[in-house]
Amino acid sequence: MSERFTGSFTQQEPIPEAGIAAALEVLRSGRLHRYNVAAGEAGEVALLEQEFAAFTGAKYCLAVASGGYALACALRAIGVGAGDRVLTNAFTLAPVPGAIASLGAVPVFVGVTEGLVIDLDDLVAKADQAEVLMLSHMRGHICDMDRLMAICTGAGITVIEDCAHTMGATWRGVASGRHGAVGCYSSQTYKHVNSGEGGFLVTDDEEVAARAVILSGSYMLYGRHLAAPGPEVFERVKYHTPNVSGRMDNLRAALLRPQLAALPEQVARWNARYRVIEEGLRDTPGLQLVTPLDEAEQVGSSLQFLLLDWSEAAIAEVLRRCAARGVELKWFGGAEPVAFTSRYDSWRYAACAPMPASDRVLKAIIDMRLPLTFSRVDCALIARIIRAEVGAVYQSLSPAP
Ligand SMILES: *Cc1c(COP(=O)(O)O)cnc(C)c1O
């Protein structure tokens, strides 16, 4: 009998008891709206923003309704409007080009490397096409941020970072999201902290911060924020900034505060699991691991590998065999997207010339979620199953791909 894995790739850990207790307090108070606070009470959202600003080292933080909202809000706050072109990754998740399109702006896709990061040579080639880059650290892979920022600074490009998969990650010790003008994060269930839905944006730019607060729907109650600029900054922007409501509420913030406090520990737990699978897959013939750059401390909340230049049929066979043994892999390269879209040619509202080098990588990406409900023993088993099935299919291929 071959071994089988029986865990669920979509089962996250429970909300910590401290978060449940704090959420019950909010429910009992009836004050769920962030600006509905009793005399002398700061409110869970304002406190969470203060804590998230401290966690990332940012001057200002705004908590919002989703990661996708944070991205669109950041674009609006830096002045992107209809018809503007915005550079972004060819390999990311649908909310990223979606945020750009939601403003009537136009995504311009930049290629992906075998390291699953933005292709900086392609970025150089396209740098004259837009004044903004929405950089997605897709699946937690961090590109050479020093070179990226040098390119963008040189070309006058403002960078917004999509850190949906890098909350808790760093580049040379600096929090992911702190290199560009604005960093955006998600607290949706499948990210690094879980409030069902939710997001953050951080920035050091006082006008961007003030505009974001007004945009999110502060109804002139911005004085209740603890991680926002002073009233004089709001005076400059408050009559010129539309309200596009997307606030976070006190219930979600209550769930998140204990999770944020525990995040560094959780990151260590993720990375321990990631390393077990990575070691288990090392030197599997036909399988290419994705190695982070030395300067990046990533969060191994998912794992990708490449089956480069494999035929579609062979990749489909690997997925079928792994699934039969309980290991749920996602193939980002399938001709038709399954469950979610993650590649530029799936977003047909944005025209794009073919990118053959990126297509070769995109076709090869196999993705696996790594929830913390998996033990390291589970991870070792998952790696054995993948190794065996990739090996079996690879051997059966003649000639080898
Ligand atoms: C999840 C995700 C987002 C935004 O997430 P929401 O579901 O809107 O909170 C943005 N970018 C990437 C790469 C994501 O995976």
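Visitor: Which residues is Leu 133 in contact with, leaving aside its neighbours within four places in sequence?

Guide: Contact means heavy atoms within 4.5 Å. On that basis Leu 133 is in contact with Leu 87, Thr 88, Ile 118, Leu 123, Leu 148, Cys 152, Ile 157, Thr 158, Val 159 and Ile 160, its neighbours within four places in sequence being left aside. Please note that this is a predicted model, in which local features need pLDDT of at least 70 and side-chain atom pairs count only at pLDDT 80 or more, while totals for chains, interfaces and linings use all residues. Residues are numbered from 1 along each chain as its sequence is written, and side-chain values use heavy atoms, with hydrogens and water left out.

Visitor: How many residues has the largest nonpolar core, and which have the most contacts inside it?

Guide: A nonpolar core is a set of buried Ala, Val, Leu, Ile, Met, Phe, Trp, Tyr and Cys residues joined through side-chain atoms within 4.5 Å. Buried means under 20% relative accessible area, exposed over 50%, and partly exposed in between, with a 1.4 Å probe and protein chains only. Here the largest core has 46 residues, and those with the most contacts inside it are Phe 52, Leu 87, Ile 118, Leu 123, Leu 133, Leu 148 and Phe 200. Among the elements that give two or more residues to this core are helix H2 (44–56), strand E4 (132–136), helix H6 (145–155) and helix H9 (250–281); helices (H or I, at least four residues) and strands (E, at least two) are DSSP runs numbered from the N terminus. The largest share, 6 residues, comes from H9. This core draws at least three residues from each of domain 1 (17–257) and domain 2 (263–396), the bounds coming from an automatic or database domain assignment. Apart from this core lies another, of 35 residues, including Tyr 69 and Val 233.

Visitor: How many residues of each domain are in contact with the other?

Guide: In domain 1, 38 residues are in contact with 35 residues of domain 2. The centres of the two domains, taken over C-alpha atoms, are separated by 27 Å.

Visitor: Where is His 137, and is this residue buried or exposed?

Guide: His 137 lies in the loop between E4 and H6. This histidine counts as buried because its relative accessibility is 2%. Its contacts beyond four places in sequence include Glu 161, Asp 162, Cys 163 and His 165.

Visitor: Is Gly 57 buried or exposed, and which residues does Gly 57 touch?

Guide: Gly 57, in the loop between H2 and E1, counts as exposed because its relative accessibility is 52%. Not counting residues up to four places away in sequence, Gly 57 touches Arg 178 and Asp 204. Gly 57 and Val 202 are 145 residues apart in sequence, yet 9.1 Å apart in space, C-alpha to C-alpha.
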